[in-house]
Amino acid sequence: MTDVMPLAGFAIGITAARRADELGALLVRKGATVRYGPAIRIVPLADDTELHAATRLLLDKPVDAVVATTGIGFRGWIEAAEGWGVGEALLDRLASTNVLTRGPKAKGAVRAAGLSEVYSPASESNAELLQHLLDSGVDGQRIAVQLHGEPLPYFVDSLRSAGAEVVEIPVYRWVGPTDPGPLDRLIDAVLDGSVDALPFTSAPAAASMLAMAKRTGRQAALVDALTRRVLVACVGPITAGPLAALGIPTVQPQRARIGALARTLAEALIARSPRLCAAGRQIELRGQAAVVDGQLCEVAPAPMAVLRALARQPGRVVSRRELTAALPSGGEEHAVETAIGRLRTSLGEGRLVQTVVKRGYRLAVVAEGESA
């Protein structure tokens with residue numbers, strides 16, 4: 001018997017655009033099945049008229065400080081400026097002002113461009129970077145803030161409230177997906193129970209998914225699924241913002257990194273997987289499967305829904321009516337009987353699920369004081 005991989009039996013949906021393949025590969029290596037439904041796409045820098053216009057604003061008038069929030073964003077900005085023929089002018093402008101970086105990647109990109117930073121917070125957080133600026137006094141100053149895919153309203157508004165003029169540099173702007181079909185199908189998969197977790201790497205992706213669900217009359221059902229059944233993981237609190245606004249709980253890694261997000265997601269899924277003993281067998285329930293005595297058993301959605309209902313209170317008799325309500329698409333009592341038969345076949349042990357005549361079904365759990 002081979003060891004069961006930590007995420008085997010779980011189906012995970014990915015909505016990211018940039019680095020979707022990297023996140024997917026990390027999860028697949030842990031045994032997960034991955035479904036892709038891009039919720040956003042990136043406007044190519046060379047074609048981004050907003051970035052071009054913001055760069056011109058920066059060049060037209062001196063600035064007192066420039067904030068670089070990400071390495072890839074800063075590098076992309078410089079490369080785009082070179083394509084527009086203003087790369088040298090932009091570097092000259094940046095060399096004559098104070099450059100602040102959020103973390104080591106942004107710092108590396110700044111130094112690779114031949115520049116040097118005056119400040120970079122040890123915490124790698126925007127909050128500490130903002131506080132440093134406010135403490136140093138920004139009233140009357142002109143400050144450029146390089147965004148990365150999503151706005152930083154609190155950051156920008158705080159600087160403006162303190163008297164600064166802020167030039168927002170929208171690097172890697174997100175818009176809706178070119179083909180909404182995969183995202184539409186991913187939402188359906190979440191609703192029908194065939195997706196167990198959704199990791200998000202940006203607030204726009206989360207907002208875009210919720211917006212599509214709202215346009216198609218599925219937002220209430222999606223919020224319910226993400227609140228009660230599907231594990232939602234976010235790379236950080238900004239990404240979690242659109243979800244938190246609707247009361248959707250999320251898990252987040254301590255560090256905002258793709259690898260840390262994958263680890264946190266895996267740990268959370270494993271931690272919430274029910275484990276029990278029935279008919280002398282050790283059973284672990286996973287999203288789309290069960291592990292019986294260390295053997296992975298794939299289980300179809302309807303039988304899996306029945307197994308989850310039986311496992312909520314192991315050993316309790318669950319009526320056919322209750323089990324019918326638990327089925328993904330409802331149905332008649334006959335559908336329950338069919339699901340029970342398929343469940344017994346999938347688990348490879350008919351004794352695991354007992355029929356209690358005229359009452360319903362129960363898992364063959366031995367209570368204390370009883371004999372097997």
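Colleague: At roughly what angle do the axes of helix H3 and helix H4 cross?

Modeller: Heads-up, this is a predicted model: local features need pLDDT of at least 70, side-chain atom pairs count only at pLDDT 80 or more, and totals for chains, interfaces and linings use all residues. H3 covers residues 71-83 and H4 covers residues 87-95; helices (H or I, at least four residues) and strands (E, at least two) are DSSP runs, numbered from the N terminus. An axis is a line fitted to C-alpha atoms, for helices over the stretch in contact, and angles run from 0 to 180 degrees between N-to-C directions. The two axes come within 7 Å and cross at roughly 135 degrees.

Colleague: Which word describes how H3 and H4 lie to each other?

Modeller: Angles under 35 degrees count as roughly parallel, over 145 as roughly antiparallel, 65 to 115 as roughly perpendicular, and the rest as oblique. The crossing is at roughly 135 degrees, so H3 and H4 are oblique.

Colleague: Which H4 residues meet H3?

Modeller: Residues are numbered from 1 along each chain as its sequence is written, and side-chain values use heavy atoms, leaving out hydrogens and water. Contact means heavy atoms within 4.5 Å. From H3 come Phe 74, Trp 77, Ile 78, Ala 81 and Glu 82, and from H4 come Gly 87, Leu 90, Leu 91 and Leu 94.

Colleague: How many residues in that contact are nonpolar?

Modeller: Ala, Val, Leu, Ile, Met, Phe, Trp, Tyr, Cys and Pro count as nonpolar, Asp, Glu, Lys and Arg as charged, and the others, Gly among them, as polar. The contact of H3 with H4 has one polar residue, one charged residue, and a nonpolar count of seven.

Colleague: Are Phe 74 and Trp 77 buried or exposed?

Modeller: Buried means under 20% relative accessible area, exposed over 50%, and partly exposed in between (1.4 Å probe, protein chains only). Thr 55 in helix H2 (residues 49-60) touches Trp 77, and also Trp 84 and Val 86, not counting residues up to four places away in sequence. Thr 55 is itself buried at 0%, and Phe 74 and Trp 77 are both buried.

Colleague: How far apart are the C-alpha atoms of Thr 70 and Ser 125?

Modeller: Thr 70 sits in the loop between strand E4 (65-68) and H3, and at 14% relative accessibility it counts as buried. Leaving aside neighbours within four places, its contacts are Arg 102, Ala 106, Gln 146 and His 148. Thr 70 and Ser 125 are 55 residues apart along the chain, while their C-alpha atoms are separated by 11 Å.

Colleague: Is Lys 358 buried or exposed?

Modeller: Lys 358 lies in the loop between strand E15 (353-356) and strand E16 (360-363). Its phi is near 65 degrees, a positive value in a residue other than glycine. Its relative accessibility is 82%, so Lys 358 counts as exposed.
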